[in-house]
Amino acid sequence: MSGMSVDKDMRSSLGERRVREMKKMMKKKNAPYFFLAPMLVLFAVFMIYPIIDSLILSFQDFTEGNYVFCGLQNYITMFHDPVFWKSLKNTFIYLAVQVPVMVVLSLLLGVLVEQAFLKFRSGFRMSIFLPSVTALVAYAIVFKLLFNTDFGLVNHALTALGFDGVDWLNTVWGARSAIIIGITWRWTGYNTIIMIAGLKNIPMELYESAEIDGASFFQKFVYITVPMVKSIIVFVSITSTIGTLQLFDESFILTNGGPNNATITIGHYLYNTGFSYYKFGYAAAISYALVVIIGVLSFVQFRITKGGENE
Amino acid sequence: MKRNLLSIILAAAVTVSLCACNGNGGSSEKKENGDGGLSGEITVWSWDVALAHLEEQAEKFRELHPDVEFNFEEMGVDQVYQKMTTCLQSGIGLPDIVSLEGEQMAKFGTKFPGKFAEFTDMINTDDFFPIKVAECTVDGKVIAYPWDSGPCGMFYRSDLFEKAGVKAEDIVTWDDFIEAGKTIKDKTGSDILCMAESRNDLVYRLMLMELGGFYFDEEGNPQVNSEESVRAMEMCKKMFDEGITFNNSSWDDMIAGMSADKFACIPEAVWMVGSIKDAVPDQEGKWAVMPLPRFDADQEPLGASNGGSALAVPSASENVEAAQEFVKFCMEDVDANIEGFQNYGLYPSYLPALESEAFEEGDEFFGGQKIFELFTEAGKNAPQVNYTENFAEALEMSKNSVAKILLEDEDVAEVLDAEQKEMEAKFK
Amino acid sequence: MMDKRKKINISHVITYVVLIVAAFVFLFPFYFMFVSATNSNADILSAAPKLFFGTHLSENLKNLNERLDLGRILLNSGILTVTYTVLAMLIHAMSGYAMAKYEFKGKGIIFGIIMLTMMIPGQVMYVPLFKLMNNIGWANTYQAVILPGLAGAFGMFLMRQNMLSFPTSLIEAARIDGYGEFAIFIKVVMPSMKPALGAMGIYMFMSMWNNFMWPLIILGTKSMYNFPVALSMLEGVAWRKDYGVIMLATVFAVLPILIIFLVFQKQFVAGVMGGAVKE
């Protein structure tokens, strides 16, 4: 008798536990949807319609006030458009230089600013961050003054050092270099802030024990810092890739795409086609070509790095 | 912490919903009041001085039509276009009156036929510069009122000319101009012309207009490899090869060069008067204007034009009649035109206004020279070019051709042929 | 003694030198912006521009006040930006957490699609979005500016990447202790995400504070304009810009971002993670 009752008790408590566990499981199962819900609702309301609408637009031609279906014509035009290819080439030149430079520089600066002995740390952090909030007008004027061929500071410095001045904004590579310097100046600091946030996730003990083992600054950087902020490095490189491929401001403001389209970016050309030439269907087609390019690149980056997951 | 966050969100949500009622300022329903006079609310999009001038005229207009309300939204030039682009495509949110650059009117009229109210029966086209009327006419319909104009002349530094012993009167042809340029470079070290060869095609375009040519023919077909075009481009190349041009990469760069005496001449439209005064106030008395040099001494040249604006009324407006009346009121009033010129430097397209005394006065900044007769003459003689819907893109291509020919030393005919092909492919 | 101290300091000296040079390079245009706010247009655009504070401040201020209603603009920008930042931090921390720490059906696809939209240039979406907003009667409202931006992928991606390195074992332990899923998120995970939240807060604040094209298109009346849209009024026409006034206006526009930066960067100092992992 008693044995049976014990058995029954045990069974019921087991069952209860299972129910509780089930409940938890259910909750755990549903939880991600709950967490995602606000994002998904916003996405469904404000993104899906514009995306579909603009995708359809890329198969249409806008003439005399009407949208006319034109099949793949816009995409075919794109393949034969020398300006599109030139802007694509320019953008890839920026990309090839920009992403590695940006990642390395922002990580290094982040590490330096977070050195324990540093005084005025928040002052340094602030100054690194300032370029990303400096008004575009100020930025543009200063850059034109620095890179002016006849009276720019950069050329003054070069001639003082015994080099020839460079016709920065009026030659192909001069103008491209000016743009690359511009982007690096403007966005390194912002990425540094992101890197710092990631660096803060590294347990100090790792560095302390490495120091006991006599590791150098460089060794610590390569064997502790880099692997520990891998997911953030992935983030910075992917967002820099997207940012560079959509680059607009620098081309539009610093060089206006010139000379002879040597510095025009896809983002700038896209703007011209839509907002200046009023070829709306064509602009949409360029956009989606851009999406495919960025998508493929990001996917590759993501796969190579396994999305920065450490497991 | 959590509660704090929640209350912030709630507060924000309340603010948002409160402000939601701020929605579109709708236009008033009735179009005419009891007396048959005009009424309605008119929203105007314009920029800078143009807007300021319209605001003043609106005050006067309201004395005649007290039931018309005005609502002015100030924007930059680019911003007007950015908003117009979206609003025209969706057909929503358009203003009742908008100022647009004359060169762009053909694009608006062709891309959006019927979206701008017609002025064909209101305007007397003989009263305006022919080129401005051409800008505002699409498919034989006048879809905007010509406003300020951009007849061009050659601004020059009289002090640098004097220092080099060059006399402006002696410069008749572009060849004379180049010879003078060499002397000026020799004696003063300054270039004669700011040409912006890596970023602009203005010198080439003005020369092209002088020769009666343009990117497009009357039907709107590209003709950039025409005889006139090759001739104009070769003249630019000749000037560049002499090493007497200043290559500024932007407008700001030109202003900087101006203040540093880097060049002696600017070929530009009449509105440049105000810009020079603003940019280099200490050069007062050192500037003067002459007509653009010509190609042949014995041939009477055509004038050239650059810039200037127009006023249009989107037909989606609920108060088309009042809006159109106001536009006509501002554009066809001699006093209004003179005020716009004197207060804001808006050079009229309206011929009766240009005949008034205000345009016969000398300007101290230009050493007392009566500069405006020259511009009015150029405005009357400017050819009625066809800007077409493709002007913006053609302009970019033309800039690139200039850069290729001058900076990369490519062959004039080859580059222009290639440009012609690209235009034919793109502007089908 | 002396020698020893010098030796230790060499790497410190290098660090300081690198950072000071970097700081100078980064600061210069910003400094120029401040200085130019006190100079005249001619001073700014001359071949040798003034690099020191001038005497034009009061005149620039007078001109600026005549043209813009700074108080109203500040209010608009403030409402837009604060609401946006708060909502973005919450929504994106939640979605990033779901993407980093849960396995569920459709995860890969949802993540992929949302990421892909990050790559669509905003320009092509303005017209359909404009139509949509007008259809639901939201033209010229704050929410029309705020809500579409919240559907962006940047914040979610940033939080996901930061949460990946959060030890799953701690979450499991909390589950065993009987914490609910939301409680785990708020009480266990979020506190150690302060640096990331700080970085995101700065980003979100900045991106809304500087938001230009979409507000320009959707906001119809002057009384609703935020800073960038109002500033574009000052741009006027290319040949008549007064850079002194524009610079002064941008200085006003930048100051709030600096304050926000100082507030959020405190989160970096927190660095709670170190403590959590110790156990």
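**Three chains, two interfaces**

Q: How much area is buried between chain C and chain A?
A: About 8400 Å², and carbon and sulfur atoms give 79% of that. Buried area here is the accessible area (1.4 Å probe) that two parts lose on being put together, summed over both.

Q: Which residues of chain C lose the most area to chain A?
A: C:Leu19, C:Phe26 and C:Met119. Together they make up 9% of what the chain C side buries.

Q: What kind of model is this?
A: It is a predicted model: local features need pLDDT of at least 70, side-chain atom pairs count only at pLDDT 80 or more, and totals for chains, interfaces and linings use all residues. Residues are numbered from 1 along each chain as its sequence is written, chains are lettered from A and ligands numbered from 1 in the order in which they are written, and side-chain values use heavy atoms, leaving out hydrogens and water.

Q: Back to C and A. How many residues are in contact?
A: 100 residues of chain C touch 87 residues of chain A. Contact means heavy atoms within 4.5 Å.

Q: Which helix gives the most to the chain C side?
A: Helix α1 (residues 2-36) of chain C, with 16 residues. Helices (H or I, at least four residues) and strands (E, at least two) are DSSP runs, numbered from the N terminus.

Q: How does the chain C side split by class?
A: It has 73 nonpolar, 19 polar and eight charged residues. Ala, Val, Leu, Ile, Met, Phe, Trp, Tyr, Cys and Pro count as nonpolar; Asp, Glu, Lys and Arg as charged; the others, Gly among them, as polar.

Q: Which residues does A:Ile128 touch?
A: Leaving aside neighbours within four places in sequence, A:Ile128 is in contact with A:Leu109, A:Val113, A:Gly189, A:Thr192, C:Leu19 and C:Phe26. A:Ile128 lies in helix α5 (residues 121-129) of chain A.

Q: Is A:Ile128 buried or exposed?
A: Buried, because its relative accessible area is 3%. Buried means under 20%, exposed over 50%, partly exposed in between (1.4 Å probe, protein chains only).

Q: New topic. How much do chain B and chain A bury?
A: About 2800 Å², with 49% of it on carbon and sulfur atoms. B:Gln89, B:Lys111 and B:Arg199 supply 21% of the area that chain B buries there, more than any other three residues. The contact takes 34 residues from chain B and 31 from chain A.

Q: How many salt bridges are there between B and A?
A: Two. In one of them, the side chains of A:Lys279 and B:Glu393 meet at 2.7 Å, N to O. There are also 15 residue pairs in polar contact between chain B and chain A.

Q: What gives the largest share of the chain B side?
A: α16(B), with eight residues. By class, the chain B side has nine nonpolar, eleven polar and 14 charged residues.

Q: How many disulfides are there over all chains?
A: Zero, where a disulfide is a pair of cysteine sulfur atoms within 2.5 Å. B:Cys152 is in none; the nearest cysteine sulfur, that of B:Cys194, is 12 Å away.

Q: Why is B:Cys330 too far for a bond?
A: Because its sulfur is 15 Å from the closest cysteine sulfur, in B:Cys136. B:Cys330 counts as buried, at 1% relative accessibility.

Q: What about the backbone: which residues does a cis peptide bond join?
A: A:Gly258 and A:Pro259, with omega about -10°. A:Pro259 sits in the loop between α12 (249-255) and α13 (266-276) of chain A.

Q: Which residue has a positive phi of about 60°?
A: B:Thr388, although it is not a glycine. B:Thr388 is in the loop between α15 (372-381) and α16 of chain B. At 9% relative accessibility, B:Thr388 counts as buried.

Notes:
Salt bridge = Lys/Arg side-chain N within 4 Å of Asp/Glu carboxyl O. Polar contact = N/O pair within 3.5 Å; in protein donor to acceptor, adjacent residues only side chain to side chain.
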